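Work through the following exercises with the sequence and the coordinates at hand. Each task is followed by a solution that goes step by step.

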Amino acid sequence: MGTYGKSIVKGNIDEIVTLLNKAYADEWLAHYQYWVGSKVVKGIMKEAVIAELVQHAADELRHATMVADRIIQLGGTPLLHPKDWLTHTICGYDAPENPQVLEVLAQNIKGEQCAISVYNKIATLTKDSDIVTYNIATQIMADEVLHEEELQALEEDILGFIETFKGRV
Ligand SMILES: [Fe+2]
Ligand SMILES: [Fe+2]
């Protein structure tokens, strides 16, 4: 841990680290949910959905790295065991048991909306007390906002395609 870098944090470091570890658990679970979703997803416009899921899976892993690095800078330890992900998560894990595209998209949209709320909470908590964490939280939150938008745009395209098709038969 960098001692001076840590000393300038004015907030409650334990509270910040606890919340960051919850976000860290969420990122790994989101990574896996996207990754395995990209493998099993079925149905209309599948290739476009797979491309988006693969990209998002990579983004969530990058977020996990950003959050873990900040936890360590604050003198904390990122969760060391995968079993801890399910006990510390805020956003949970939705297994893509129904692999149809619209179902997988709906699960991931719900996850993104939860992630946005988690980073909004971290940003609000650290805004005036821990600028570095605040900056990381807002960078990740911007990615999650984009993720939600991309998934909802795909959902809209698929629903639009189904409507058009229905009108022609
Ligand atoms: Fe993320
Ligand atoms: Fe995301």
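**Exercise 1. Decide whether L74 is buried or exposed, and state where L74 lies and which residues are in contact with it.**

Step 1. A residue is buried if 20 or more other C-beta atoms, placed from the backbone, lie within 10 Å of its own, exposed if 12 or fewer do, and partly exposed in between. L74 has 21 C-beta neighbours inside 10 Å and therefore counts as buried. This is a predicted model, in which local features need pLDDT of at least 70 and side-chain atom pairs count only at pLDDT 80 or more, while totals for chains, interfaces and linings use all residues. Residues are numbered from 1 along each chain as its sequence is written, and chains are lettered from A and ligands numbered from 1 in the order in which they are written.

Step 2. L74 lies in the loop between α3 and α4 (82–88), where helices (H or I, at least four residues) and strands (E, at least two) are DSSP runs numbered from the N terminus.

Step 3. Two residues are in contact if their C-beta atoms, placed from the backbone, lie within 7 Å; leaving aside neighbours within four places in sequence, L74 is in contact with K6, V9, I13, I16 and V17. L74 and V132 are 58 residues apart in sequence, and their C-alpha atoms are 10 Å apart in space.

**Exercise 2. Check the span of helix α3 and list its buried residues.**

Step 1. The expected span of a helix is 1.5 Å times one less than its number of residues. For the 28 residues of α3 (residues 46–73) this should give 40 Å, and the end C-alpha atoms are 41 Å apart, which agrees.

Step 2. The buried residues of α3 are V49, L53, H56, E60, H63, A64, V67, R70 and I71, and what covers them includes α2 (13–40), α5 (101–126) and α6 (131–168).

Step 3. Just after α3, G75 takes a positive phi of about 90°.

**Exercise 3. Describe how α2 packs against α3 and against α5.**

Step 1. Two packed helices are described by the angle between their axes and the distance between the axes. Axes are lines fitted to C-alpha atoms, for helices over the stretch in contact, and angles run from 0 to 180 degrees between N-to-C directions.

Step 2. α2 and α3 pack at an angle of about 160°, with their axes 8 Å apart, which makes α2 roughly antiparallel to α3 (angles under 35 degrees count as roughly parallel, over 145 as roughly antiparallel, 65 to 115 as roughly perpendicular and the rest as oblique).

Step 3. The axes of α2 and α5 come within 11 Å and cross at roughly 160°, so α2 and α5 are also roughly antiparallel to each other. Residues of α2 that meet α5 include I16, L19, A23 and D26, and on the α5 side V104, N108, G111 and A115 are among the partners.
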